[in-house]
Amino acid sequence: MKKLISMLVTAALAITSVFALAGCNSAKETGNGTEGGNGASDFKVGAIYINSQNDTAGYTYAHHHGITEAMKQVGLDPAKDLFIVDNVPEDDEKVKQAIDQLAGNGCNIIFGISFGYINAMEEKAKEYPDIIFSHATGYLSNDKNFNNYFGRIYQARYLAGIAAGYKSLATGNNNIGYVSAWGTEYAETCSGINGFALGVLAVNPDAKINVYEISTWGDQELERQAAETLIDTYGCGVIAQHCDSAQPQIVANEKGVFGCGYNSDMTKEAPNAHLVAPVWNWDAYYATAMKAAMTDPSTFMTTVGNYYEGLNSGLVDVSELSANCEPQTKEAIELAKKMMISGEWDVFSGVKLSFSGDTGSVTVEKTNSALVTNDGKEIVAAGGPSVDDGVIQGSMNYYVEGVTQVN
Amino acid sequence: MLDVLTLFLFNIIVYNIPLLYGTTGEIMIEKSGSLNLGVEGTMAIGAVAGYLVGARCDNLFIACVVSFIASGLVGLLFSFLTVTLQANQNVTGLTITTFGVAFYYFVGNALSNSPEGWPKLSGTRLDAQSQAIHIPGLSDIPFIGKAFFSHGILVYAGILIAVLMWLYFKKTVPGLKLRAIGENPAAADSLGVNVALYKYAHIIVGSGIMGLGGLYMGLNMGGTFEGSNCWINGYGWISIALVIFANWSPAKAILGTFLFGFFNTLRVQNAALAYAFPNALGWLTKIPSHFFSALPFIITLIVLITSSLTAKGKSGEPQAIGRNYYREDR
């Protein structure tokens, strides 16, 4: 009897914890599941997430928020028309199972948000030619029903760099810190660091950007300690970040320095420190993709295709400037933003911007100047065109002049 | 550049004291002959419960009491399952870990999504570091004062608990009886020691101590809840290894915590040390940073191997550990 009770209690515990941990590791079965037909009324969206759909911050949250917002914009009901498989690791078998499940639910388009879903999605796109597969951060596609999408977050980081640059001029402290998940190993982090650094240098050419690489996408404790080290040892007066949590901003707040967050407006976590954060508005892409797929899925690859947009589409942007920003910041950011939206200028080109002037009369000047790495290699000659998108997305592995990795 | 060294020593203590709580708590439980693998989960539950109530009341003492009680209740559950119902200790412990961490996310997500939101601290911050106690004289010593004598109450409490526990095992009659149960429960039982009562009491108190460590970690993270990783961050598991490292002695646990803490802090601060002392420590930059990330665990591995090779007689490992005591089996 005792054994029986103990087994039951243990089993009950295990079951509750599995439910609590996984949240809902299965697609919602609320839709009516009819297949075929692409009318708005029975259009169904599938999504595969790396973390839980119940997250309240971070990567999965940003995408889930974007998908649900976009569905509302195009007249779909997320409660009825969205099917989710979440907590899916980057494992081909698991991803394929998730895709099969979503296909069974009658989804017309399936979004996969994590890089490692790439091979499974490519394979399944062949198996289900009537479903559109859309993969974030990847580089594979076909000409019929499989695309990839990402954004020029480095443009938004450049704008945040401007805010940091003005702050460093005002405080007279040229040391700027940057807590980064990875350094030159990933083009995503590397181009972000460089974009930010060039923004800082456009305002304060004497600034030095100190990068601390924590070698993991998410570890609150390391993020905190890295920020502490940058402030206490390297004397940094502004802390920027490319990592999951708001810890670097919280540390900046505690230590009375300033910071630029990431992914969301972190002013609420660091009211006295936070300046501005580069943010993603994924709904900009999701609405475009859903609209195209609802209108005519057969032309998806010509109407949407592989999607790599920036400030122009609203996919990336900066959060609202906080009151901690220097007065000239807003004008300077507007100027730079306008040039990037019009396509007149981009960050990684042989032309550099420099900002001068006081509030109300901030001016921007373009000068031809080579893009040089921090070990003196010339990447783009003075006046030359921007670095290829393929490099920015996939192979950038150098820091620009002014950046030092401290660890 | 003495600041770098001070910060290094300061961080060894500040960031690694939770390990001492986890380790001493687990030692207390293992000395009673029970192996509890639920440290991670027990700490997580203590952290969430203590932090939430403490933040609502804005009172560190209440936070401590609540986290001790919450984790103590987890200990009660573990005792009920393994002592009364004779469930397998490994399975029960692992279940508690899964459950506890999931509980952390469950409550955290639910609260963050609720209109009220995750409680924000107001007034005096409930932060372990800002609770630093100024000890007249000692805190003012240059260099050492900041590194060793400018900590919050929970740092000193952790060390005090370890010392008291060491005295309890060595110098008191209940401590002796407890060790007897861990070595041979049948023999202790035949001498009239209430085995079940002793196990229950020590598992509950040990779990409560772990809860304080969990609360400490939450406070150290500024109490922000985010989806990315749990406050406990694997420290519960490291604590279990440190128990063996410390050879089941709470006094050696202090040493083990700081030794592990040294390497744990080195992985973050190695570049800063090299930067501050380019001549003496400049060579640190030549070592790949990933090696430093692995170092604390390599050291743990080495210590586990060497301590496993120690002669059985010198080992502090309770002989009856992991085996449920079933009176009718005698």
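**Exercise 1. Find which strands of chain A helix H6 lies across.**

Solution. Start at residues 153-171 of chain A, helix H6. Helices (H or I, at least four residues) and strands (E, at least two) are DSSP runs, numbered from the N terminus. H6 lies across E6, E8 and E9 of chain A. Contact means C-beta atoms, placed from the backbone, within 7 Å. Now take the direction: H6 runs at about 160° to E8(A). Axes are lines fitted to C-alpha atoms, for helices over the stretch in contact, and angles run from 0 to 180 degrees between N-to-C directions.

This is a predicted model: local features need pLDDT of at least 70, side-chain atom pairs count only at pLDDT 80 or more, and totals for chains, interfaces and linings use all residues. Residues are numbered from 1 along each chain as its sequence is written, while chains are lettered from A and ligands numbered from 1 in the order in which they are written.

**Exercise 2. Work out the strand order of the open sheet in chain A.**

Solution. Begin with one pair. E6 (residues 175-180) and E8 (residues 238-242) of chain A run parallel, joined by five bridges. Two strands pair if DSSP finds at least two bridges between them. Check one bridge: Val179(A) has Gln241(A) in E8(A) as its partner.

**Exercise 3. List the contacts of Ile162(A), leaving aside neighbours within four places in sequence.**

Solution. Ile162(A) touches Gly199(A), Ala202(A), Val203(A), Thr329(A), Ala332(A), Ile333(A), Ala336(A) and Phe355(A).

How values were computed. Two residues are in contact if their C-beta atoms, placed from the backbone, lie within 7 Å.
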